[in-house]
There are 2 protein chains.
Amino acid sequence: MYTIGQISEMFSIPVSTIRYYDKEGLFPDLERQSGIRKFSEREVEALRVIECLKASGLEIRDIKRFMEWTTEGSASYERRKQLFETRKEAVEEEINQLQRTLDMLKFKCWYYETAIADGNEDRIYEMLPDRLPPDIQKLYDNAHH
Amino acid sequence: MYTIGQISEMFSIPVSTIRYYDKEGLFPDLERQSGIRKFSEREVEALRVIECLKASGLEIRDIKRFMEWTTEGSASYERRKQLFETRKEAVEEEINQLQRTLDMLKFKCWYYETAIADGNEDRIYEMLPDRLPPDIQKLYDNAHH
DNA sequence: CTAACACATAAAGTTGACTTTAGGTCAAGG
DNA sequence: CCTTGACCTAAAGTCAACTTTATGTGTTAG
C-alpha cells in the first residue's frame, strides 16, 4: 500500500495531478483510510495504463470509461481488447506521421548545412525540386506531399 | 498568388486558423492588395514548415521566432540549422517513446486475447511477471520500466 | 506546546491553440 | 437593386488538462 506522495515519487507525477485523476474517476475502486487515499498494486498498474493510453492520444474521459470497464470483470474483456487494438492502430499511424515529419527535418538540416557551406541558397534552388542528391531527394519527396 | 480560401483548401486548414497564424506573425512578409491577403509560394512553403515544426512539438511563439529569422537572410542560417537539429532529436525521442507505448498496447492486446480465450485472467497471473511467452515477455519488459 | 509535514477539499486560475461571433467591405449574378 | 459569397477585423468564447489557492485536519519532532 502506498500514499499519494509515494505514488507521486514513483511516477514523477505531481500530487495534484494524481488527485485530479482520482477526481475524474480514473481509480474507481481506490480505498481510503480515514479520508487518506491508499494506493495498491492495482492502482499502480492502473497508472501505468493511464500513462500508456494518454500517450496513445486518448482523453481523460475515455480513460475513465475504460477504468469503469475493468470493474465489470470478464464481461468487458472484448470491449477492452477492442480499445487497445484501436489505440495500437492510432499509435502506428502517429509514428508514420512523425516519420514523415522527421524526413522533413532531416531535409531542412541538409538544406542549411549546404546553405552555410555555400554562403547562400543559390545552388539549392538550382537543384529543386527534382535534381537533389538521391538520398536527400528521397527525404524531400517524402516530406512534400 | 493564392487567396486565403485557396490556401485553406490546399492544406485542409480552416480559414480562421490561417488568419490566426497570420495574426501571430507566422507570415512576416505576407503581401496584401487593398486589405486582402495574397499568399505566394513563399507562404506555401512557410505553411509546410509550420506544419512540420508544429508536428515536432514546437509552440506557435517559437515558430514565429523562426519565421522572423528567415527574414534576416544568410545571417541566421546557423540558428535555423540548430533549430532543425534540435527538433530532429526531439522527434526521434518522441518516436522512441511511442514505440514503448506501442509495446504496452501490443502486450495488452495479447493479454485480452488470452483472457477472452480462457474466460478469465488466472493463467496470465501465473505467467506474470517473468514466465510469459518469449515474444510477449519482451513487450512486457520493454513497457514496464 | 507548537511548528512542520503530509494529507485532504472546493473552487478558481492558467495555458495554448484555436473557433466563434458580431460587425463591415466589396464584386458579380439574376 | 439587392442578395450571395469571399474577404476583412476585434473581441469574446471554448476546451482539455492541469495547477494554484485558500482552508482545514491529523501526526510527529524538537
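**Cysteines**

I began with C109(B): its sulfur lies 9.6 Å from the closest cysteine sulfur, that of C52(A), which is too far for a bond. The model is a predicted one. I then took the pair from the other end. For C52(A) the closest cysteine sulfur is in C109(B), again at 9.6 Å and too far for a bond. The cut-off I applied for a disulfide is 2.5 Å between the sulfur atoms. I looked up how open the two residues are. C109(B) is buried at a relative accessible area of 4%, and C52(A) is buried at 6%. I searched all chains for disulfides and the total is zero.

**Contact between chains A and B**

I counted the residues in contact across the two chains: 39 of chain A touch 39 of chain B. I next looked up the area. The size of an interface is often given as the accessible area lost when the parts come together. Here chain A and chain B bury about 3,500 Å² between them, and carbon and sulfur atoms account for 76% of that area.

**Salt bridges between the chains**

Side chains of opposite charge can pair when their charged atoms come close. I asked how many salt bridges there are between chain A and chain B. The count is two. I found K108(A) paired with E45(B), with N to O at 3.1 Å. I also found K108(B) paired with E45(A), where the closest N and O atoms are 3.1 Å apart. The lysine of this pair lies in helix α5 of chain B and the glutamate in helix α3 of chain A, so the bridge joins two chains. K108(B) counts as buried, with 7% relative accessibility. E45(A), at 22%, counts as partly exposed; the limit for buried is under 20%.

**Other salt bridges**

I ran the search over the whole structure and it gives 22 salt bridges over all chains. I looked at some of them in chain B. E59(B) pairs with R61(B), the closest N and O atoms being 3.0 Å apart. E59(B) is partly exposed at 42% relative accessibility, whereas R61(B) is exposed at 59%. I then noted E72(B) with R79(B), whose closest N and O atoms are 2.8 Å apart. Both partners are in between: E72(B) is partly exposed at 38%, and R79(B) is partly exposed at 35%.

**Surroundings of R19(A)**

I placed R19(A) in helix α2 of chain A. R19(A) is partly exposed, with a relative accessible area of 41%. Leaving out residues up to four places away in sequence, I see R19(A) touching I4(A) and R37(A). I looked up the spacing to the isoleucine: R19(A) and I4(A) are 15 residues apart along the chain, and their C-alpha atoms are 8.2 Å apart.

**Helix α4 of chain A**

I listed the buried residues of helix α4 (60-70) of chain A: I60(A), I63(A), F66(A), M67(A) and W69(A). They span an arc of only 165 degrees around the axis, which puts them on the same side of α4(A). An α-helix has 3.6 residues a turn, so residues three or four places apart point the same way. What covers the buried residues of α4(A)? The cover includes α2 (15-23), α3 (41-55) and α5 (77-118) of chain A, and also α5 (77-118) of chain B.

**Helix α1 of chain B**

Just after α1(B), I noted a positive phi of about 50 degrees at S12(B).

**Domains of chain A**

Last, I looked up the domain assignment of chain A, which gives domain 1 as 1-71 and domain 2 as 93-145. I took the centres over C-alpha atoms, and those of domain 1 and domain 2 of chain A are separated by 44 Å.

How values were computed
Residues numbered from 1 in each chain as written. Chains lettered and ligands numbered in written order. Predicted model: local features only at pLDDT ≥ 70, side-chain atom pairs only at ≥ 80, totals over all residues. Heavy atoms only, no water. Buried < 20%, exposed > 50% of the residue type's maximum accessible area, 1.4 Å probe, protein only. Helix = DSSP H or I, 4+ residues; strand = E, 2+ residues; numbered from the N terminus. Arc of directions from axis to C-beta. Contact = heavy atoms within 4.5 Å. Domains from an automatic or database assignment. Buried area = accessible area lost by both parts, 1.4 Å probe. Salt bridge = Lys/Arg side-chain N within 4 Å of Asp/Glu carboxyl O.
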